[in-house]
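Welcome, and thanks for taking a look at this one with us. Please have the sequence and the 3D view open side by side as you read the notes below.

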Amino acid sequence: HLARWRAAFFAVVTTAGYCAIAGIIWLGGHEVIDKRMSPGELTELMLYTAIVAGALGSVASLWGSLQTAAGATERLFKIIDTVPEIRDPEAPARLPAGGGAVHFQNVSFHYDARPEHPVLRGVDLRIAPGEVVALVGPSGAGKSTLTALLYRFFDVKEGSVSLDGADVRTLKLAELRGAMAIVAQEPVLFSGTIRANIAYGKTGATDAEIEAAARDAHAHEFIAKFPDGYKTLVGERGVKLSGGQRQRLAIARALLADPRVLILDEATSSLDAESEALVQKAFARLMKGRTTLVIAHRLSTVRDAHRIVLLSDGKIAEQGTHDALMATGGLYRRLVEHQVIFREAVS
Ligand code: ATP
């Protein structure tokens with residue numbers, strides 16, 4: 001609509017400009033013929049006319065730009081004024097001291113975009129402090145969604161999620177999320193130095209603490225090989241790191257943060273064998289003695305976990321150790337044998 005008005009405005013101004021120039025040449029020409037004006041004066045007049053017409057054209061384009069900017073500003077303020085759905089409670093409770101006990105109590109959830117499609121249905125899961133739980137299941141079973149509810153990216157539709165006895169909805173978001181760390185499949189690195197990327201895990205971390213975390217995450221070796229070491233720039237304008245290196249940096253960040261609860265999403269894509277072994281070692285170091293919910297894609301991870309929870313169709317279908325579940329001969333075994341949930345073949 002606005003574009004049509006702009007085009008019409010331009011057309012009118014341009015036509016008026018051409019008519020004015022044509023009129024001035026016609027009238028001026030007669031004045032010169034009648035010797036009331038010299039050819040030099042006519043040239044001067046035409047020059048001034050062209051300058052004025054040009055200036056009028058600029059005003060028209062400025063007006064158009066102002067209209068566009070006004071529209072954009074309106075949309076910008078709409079975004080700024082958006083109130084996030086997940087926000088701090090009015091009177092937040094303090095997170096009780098604890099070792100990271102997690103309880104999903106009768107949790108049901110659907111995404112608002114698809115209310116007719118339940119993603120989790122009555123999930124009941126209690127995780128003890130320090131326990132490592134491997135979440136497995138077919139694609140779309142609800143594994144990521146379950147971890148997202150713990151981090152409070154979304155709120156449950158029914159039931160509750162609690163950390164050390166406190167319902168996550170009663171806690172300040174910063175306090176809740178400060179007690180957890182997420183290592184994603186594709187970790188996000190910020191544009192900045194390697195040091196800053198690791199230090200993000202803890203405010204005021206010292207160089208010694210950062211290096212210790214990097215060593216534990218098996219990242220120090222590759223960092224030390226860069227000429228600038230910890231000052232090497234990564235991210236958009238920095239050096240490009242491999243998937244395994246990025247994961248080890250994310251693990252170093254999480255180690256430094258020393259969270260009560262860890263949420264891990266194992267990479268589905270293969271890393272090279274050496275990198276994979278180092279990432280595995282780093283993961284093991286990070287999980288040690290820490291409540292961990294790991295979306296597992298590797299057999300070695302589930303073998304090391306205290307418990308495997310198999311999600312299927314938004315429900316806990318089976319749980320136990322790998323050997324126990326294989327012996328039961330149920331859904332888990334079928335999914336493993338058909339290579340649905342692990343990359344490796346299991347004999
Ligand atoms: P995968 O192993 O493929 O990552 P998953 O078990 O982690 O799968 P979820 O990502 O939790 O599964 O998704 C569960 C269901 O919710 C899927 O049907 C998915 O399409 C749907 N879903 C996930 N995120 C959204 C969203 N933001 N909006 C609407 N539906 C979503």
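**Strands and ligand at a glance**

Strand 1, residues 102–109, pairs with strand 2 in the antiparallel sense, and five bridges link the two. Keep in mind that this is a predicted model. The sheet is open, with four strands in the order 2-1-4-5 and antiparallel pairing. There is also a ligand, and the space it takes is the second largest pocket.

**The sheet and its edges**

- Strand 2 (120–127) and strand 5 (166–167) are the edge strands, each with a single partner, so one side of each has no neighbour in the sheet.

- Strand 4 and strand 5 run antiparallel and are joined by two bridges.
- Across this pairing, Leu163 stands opposite Ala166 of strand 5.
- Two residues lie between the strands of this hairpin, and Asp164 takes a positive phi near 45 degrees there.

**Around the ligand**

- The residues around the ligand include Tyr111, Arg114, His117 and Val119.
- Also around the ligand is a run of residues: Pro138, Ser139, Gly140, Ala141, Gly142, Lys143, Ser144 and Thr145.
- By class, this shell has six polar, four nonpolar and two charged residues.

**Polar contacts and burial**

- Thr145 places a polar side-chain atom 2.4 Å from an oxygen atom of the ligand.
- In the side chain of Ser139, an N or O atom is 2.6 Å from a ligand oxygen atom.
- Gly142 takes part through its backbone, with an N or O atom 2.9 Å from an oxygen atom of the ligand.
- Taken alone, the ligand exposes 630 Å², and the protein buries 64% of that.

How values were computed. Residues are numbered from 1 along each chain as its sequence is written. This is a predicted model: local features need pLDDT of at least 70, side-chain atom pairs count only at pLDDT 80 or more; totals for chains, interfaces and linings use all residues. Side-chain values use heavy atoms; hydrogens and water are left out. A residue is near a molecule or strand if one of its heavy atoms lies within 4 Å of it. A polar contact is a pair of N or O atoms within 3.5 Å; within protein, one must be able to donate a hydrogen and the other to accept it, and residues adjacent in sequence count only if both atoms are side-chain atoms. Accessible areas come from the Shrake-Rupley method with a 1.4 Å probe; for residues, only the protein chains shown count as cover. On a 1 Å grid over the protein atoms alone, a cavity is a set of points where a 1.4 Å probe fits but cannot get out, and a pocket is an open set with protein on both sides within 12 Å along at least five of seven lines; lining residues have an atom within 4 Å of a point. A molecule sits in a cavity or pocket if more than half of its atoms lie within 2 Å of its grid points. Ala, Val, Leu, Ile, Met, Phe, Trp, Tyr, Cys and Pro count as nonpolar, Asp, Glu, Lys and Arg as charged, and the others, Gly among them, as polar. Two strands pair if DSSP finds at least two bridges between them.
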